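Please look over the sequence and the 3D structure below before reading the notes. The notes are meant for a reader who is new to protein structure.

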Amino acid sequence: MTRAEILRWLREEDPATLDVLWARADAVRRERVGDAVHLRGLVEISNHCVRRCAYCGISLGRPDLVRYRMSADEIAACADRAAELGYGTVVLQSGEDPGITREWVSDLVRRVKANGRLAVTLSLGERPEPDLAAWRDAGADRYLLRFETSDAALYERIHPPLAGRPPGRFAILERLAALGYEVGSGVMIGIPGQTYESLAADVALFAGMDLDMIGVGPFIPHPASPLGRGEFPQAPAGEQVPSTELMTCKVVALARLVCPEANIPATTALATVNPQDGREHGLARGANVLMPNLTPARYRALYEIHPGKACLREGAAEPGAGGRGRIERMGRTPGSGPGSRRRRPRGTPSSSSGP
Ligand code: SAH
């Protein structure tokens, strides 16, 4: 699919025409990754962070926020719970926290992998390559690091670089792939200043990067962040991408079309903007993964990257997040096993043809 076609879909508003996009995404999803909905248990292991991301509610710019770091025993108990619930993967996510050391994470990954039942996905921010290599050696399977936006100027505004570190996340994503991780990335939809053109470039990049996992969600303003306080300009009228459920669904559907075998979650942020059916809409329009939150309640409220997180209202095994009933009512099946990316057989095209 060309960038012009992607752009046309992003600007499409007619419900009947969009039904064509939803149907195509759903058909490609069924054909290429099947009806399984893989469940990944999310554990938010630390809300300490050294970054000042202008969008995020747990950035260093929140001196008022109570900080926590889970113990290895607590995290291992969450991983056991994921296995008991029949999930194939545990996702360990945190702020960018140097207090979480290379050795500590390596030991933790070995411990979780020792039960033999779970894939381990890490999402610990931008870490030096020796950390990433050590964790891969310890058995970590996947790494999630969204590039947030491919507009370099916008990215630097909302994600100020640390002194001495190169800006941008693309080099790290390349290293992750070279280390043998399954690599996940993605963007926020509707960042103030994000244009349709740049979002179309983001989607085209998904294909170019051959991502294994693609996570996208609407930008949700956090009142205690610079972006939430309205300190950053919107793009000119007609150019600014709205941070809506509909726009997010368009990107989910396009992500499925350009990366047919990728694992694509219906994200918490999507469920936050539409608590009733956000996840169902995502799953019906290209997504094949849910990430139920397994973080203990006392920590969960402190990992407030954006306000109103859907998981604050839901328990782990309840319908909102990973309820099997909800999946089966959609005619889908709860995934079994780790739900790794299925790679296409040799000789088949990497993306489906144009609209
Ligand atoms: N420190 C890790 C994990 C961050 S949280 C990292 O930076 O990779 C995971 C994702 O949540 C981020 O990549 C971002 O895309 C999303 N996120 C953060 N703040 C958000 C907000 N206010 N609205 C919507 N999504 C947000």
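Predicted model: local features only at pLDDT ≥ 70, side-chain atom pairs only at ≥ 80, totals over all residues.

Residues are numbered from 1 along each chain as its sequence is written, and side-chain values use heavy atoms, with hydrogens and water left out. Helices (H or I, at least four residues) and strands (E, at least two) are DSSP runs, numbered from the N terminus.

- Buried means under 20% relative accessible area, exposed means over 50%, and partly exposed lies in between (1.4 Å probe, protein chains only).
- In a regular strand the side chains alternate between the two faces of the sheet. On one side of β2 are T89, V91 and Q93, on the other are V90, L92 and S94, and all of them are buried, which leaves both faces covered.
- Strand β1 (residues 36-46) pairs with β2 in the parallel sense, over six bridges. Two strands pair if DSSP finds at least two bridges between them.
- S46 has S94 of β2 as its bridge partner.
- β2 is also joined to strand β3 (residues 119-123) by five bridges, and these two strands run parallel. Here Q93 stands opposite S123 of β3.
- β1, helix α3 (residues 72-84) and β2 make up a right-handed β-α-β unit. A crossover is right-handed if, with the strands pointing away from the viewer, the path from the first strand over the helix to the second runs clockwise.
- From β2 the chain crosses through helix α4 (residues 102-113) to β3, and this β-α-β crossover is right-handed.

**Salt bridges**

- Side chains of opposite charge can pair when their charged atoms come close. The structure holds 28 salt bridges, each a side-chain nitrogen of Lys or Arg within 4 Å of a carboxyl oxygen of Asp or Glu.
- One of them joins the side chains of E84 and R81, at 3.5 Å from N to O. Both residues lie in helix α3, three residues apart, about one turn of the helix.
- E84 counts as exposed because its relative accessibility is 59%, whereas R81 is partly exposed, with a relative accessible area of 36%.
- The side chains of E129 and R175 meet in a salt bridge at 3.0 Å, N to O. E129 belongs to helix α5 (residues 129-138) and R175 to helix α7 (residues 170-178), so the pair ties together parts that are 46 residues apart in sequence.
- E129 is partly exposed at 33% relative accessibility, and R175 is partly exposed with a relative accessible area of 37%.
- D212 and R341 form a salt bridge through their side chains, at 2.8 Å from N to O. This pair links distant parts of the chain, 129 residues apart: D212 is in the loop between α8 (196-209) and β6 (213-218), and R341 is in the segment after β8 (333-334).
- Both D212 and R341 are buried.
- A network of salt bridges links R51, E96, E126, E148, R165 and R169.

**Aromatic rings**

- A pair of aromatic rings is described by the distance of the centres and the angle of the planes. Rings of Phe, Tyr and Trp (its six-membered ring) pair if their centres lie within 6.5 Å; planes under 30 degrees apart count as stacked, over 60 as edge-to-face and the rest as tilted.
- By this rule there are four aromatic pairs. Among them is the edge-to-face pair of Y143 and Y181, with 5.9 Å centre to centre and 80° between the planes.
- Y143 lies in strand β4 (residues 142-144) and Y181 in the loop between α7 and β5 (182-189), so the pair ties together parts that are 38 residues apart in sequence. Y143 and Y181 are both buried.
- F147 and F170 form a tilted pair, with 4.9 Å centre to centre and 40° between the planes. F147 is in the loop between β4 and α6 (152-158) and F170 is in helix α7, so this pair ties together parts that are 23 residues apart in sequence.
- F147 is buried, with a relative accessible area of 1%, whereas F170 is partly exposed at 31%.
- Ring pairs link F147, F170 and F206 into a cluster.

**Charges over rings**

- R136 lies over the face of Y181, 5.7 Å from the ring centre. A charge sits over a ring if NZ of Lys or CZ of Arg is within 6 Å of the ring centre and within 35 degrees of the ring normal.
- R285 lies over the face of W22, 4.1 Å from the ring centre.
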